[in-house]
Amino acid sequence: MRETPEELKELQALLEASLSRSTSHLRSIVTERTLTAEQLTRILTGMCTLALSTVTAKGEPRISGADGHFLHGKWHFGTARTAAKARHLAARPAASVAHMRGEDLGVFTHGTVEILNPDDGEPAADWPDLLAYFKDFYGDDPFDWDNDVVYYRLHPHWMTVYAPDIAKLTAASQP
């Protein structure tokens, strides 16, 4: 868990506000089967496969996979600078991601991406720390970090979690 107490507080407020603004149908499914911010950050460790949704210039939806890392209460993910999703996000930064583990966990997030390492501008202030994390996770030499990949942080405006059995999830995340 890398979140500060303030980040946990912000994430908890987001989870509560998102659920309160959801439809009665979604609330009937999720309300008694959700997680707290602290529980969520203890479960979302390492790499989590994301379904990433973007939109083309014609307004057509596109979905693809991405390696997601839940750090400081937000999703972080990368792709090749030449990928279609990179073009979509550069032009239209709104995105949605879903991380699902069978019927045991669903984390659904809508927000706006921030480019962490733009090729034509200053990187995010915390990019050196994030880059160190990614290099530690993936290894130092899989590609040219400055030119081959672009990383994003999804700033969520809505997030909800479905987890019917917290004990099963926490048992699975134990070493």
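**Figure 1. The surroundings of Arg 81.** The backbone oxygen of Val 149 lies 3.2 Å from a polar atom of the Arg 81 side chain, a polar contact in the sense used here (a pair of N or O atoms within 3.5 Å; within protein, one must be able to donate a hydrogen and the other to accept it, and residues adjacent in sequence count only if both atoms are side-chain atoms). A word on the model before going further: it is predicted, so local features need pLDDT of at least 70 and side-chain atom pairs count only at pLDDT 80 or more, while totals for chains, interfaces and linings use all residues. Residues are numbered from 1 along each chain as its sequence is written, and side-chain values use heavy atoms, with hydrogens and water left out. Arg 81 itself sits in the loop between β3 (74–80) and α4 (84–91); helices (H or I, at least four residues) and strands (E, at least two) are DSSP runs, numbered from the N terminus. The Arg 81 side chain also reaches the backbone oxygen of Asn 117, at 2.6 Å. Buried means under 20% relative accessible area, exposed over 50%, and partly exposed in between (1.4 Å probe, protein chains only). Leaving aside neighbours within four places in sequence, the contacts of Arg 81 include Ala 86, Pro 118, Asp 146 and Val 150, where contact means heavy atoms within 4.5 Å.

Figure 2. Helix α5 covers residues 127–138, and at 1.5 Å a residue its 12 residues should span 16 Å, which agrees with the 16 Å between its end C-alpha atoms. The expected span is 1.5 Å times one less than the number of residues. Which residues of α5 are buried? They are Trp 127, Leu 130, Leu 131, Tyr 133 and Phe 134. Seen down the axis of α5, these buried residues fall within an arc of 160 degrees, so they line one face of the helix; the arc is that of the directions from the helix axis to the C-beta atoms. They pack against β2 (61–71), β3 and β6 (149–162). On the other side of α5, look for the exposed residues Pro 128, Asp 129 and Asp 136. After the helix comes Gly 139, with a positive phi near 100 degrees.

Figure 3. His 69 has its place in strand β2, and with a relative accessible area of 0% it is buried. Its side chain makes a polar contact of 2.9 Å with the side chain of Tyr 138. Leaving aside neighbours within four places in sequence, His 69 also touches, among others, Gly 46, Met 47, Trp 75, Phe 134 and Phe 137. Not counting residues up to four places away in sequence, the contacts of Phe 70 include Glu 3, Leu 11, Leu 40, Leu 44 and Met 159. How far apart are the C-alpha atoms of Phe 70 and Thr 45? They are separated by 6.7 Å, although the two residues are 25 apart along the chain.

Figure 4. The structure holds five salt bridges. Glu 38 pairs with Arg 42, their closest N and O atoms being 2.9 Å apart. These two are four residues apart in helix α3 (residues 37–43), so about one helical turn separates them. Glu 38 counts as partly exposed at 39% relative accessibility, and so does Arg 42 at 48%. Asp 104 and Lys 168 meet at 3.2 Å, N to O. This pair links distant parts of the chain, 64 residues apart: Asp 104 is in the loop between β4 (94–101) and β5 (105–115), and Lys 168 is in helix α6 (residues 166–172).

Figure 5. Arg 153 forms a salt bridge with Asp 126, with 2.8 Å between the closest N and O atoms. Arg 153 is in strand β6 and Asp 126 in the loop between β5 and α5, so the pair ties together parts 27 residues apart in sequence. Arg 153 counts as buried at 10% relative accessibility, whereas Asp 126 is partly exposed at 26%. Through shared partners, salt bridges join Glu 114, Asp 126 and Arg 153 into one network.

Technical notes:
Salt bridge = Lys/Arg side-chain N within 4 Å of Asp/Glu carboxyl O.
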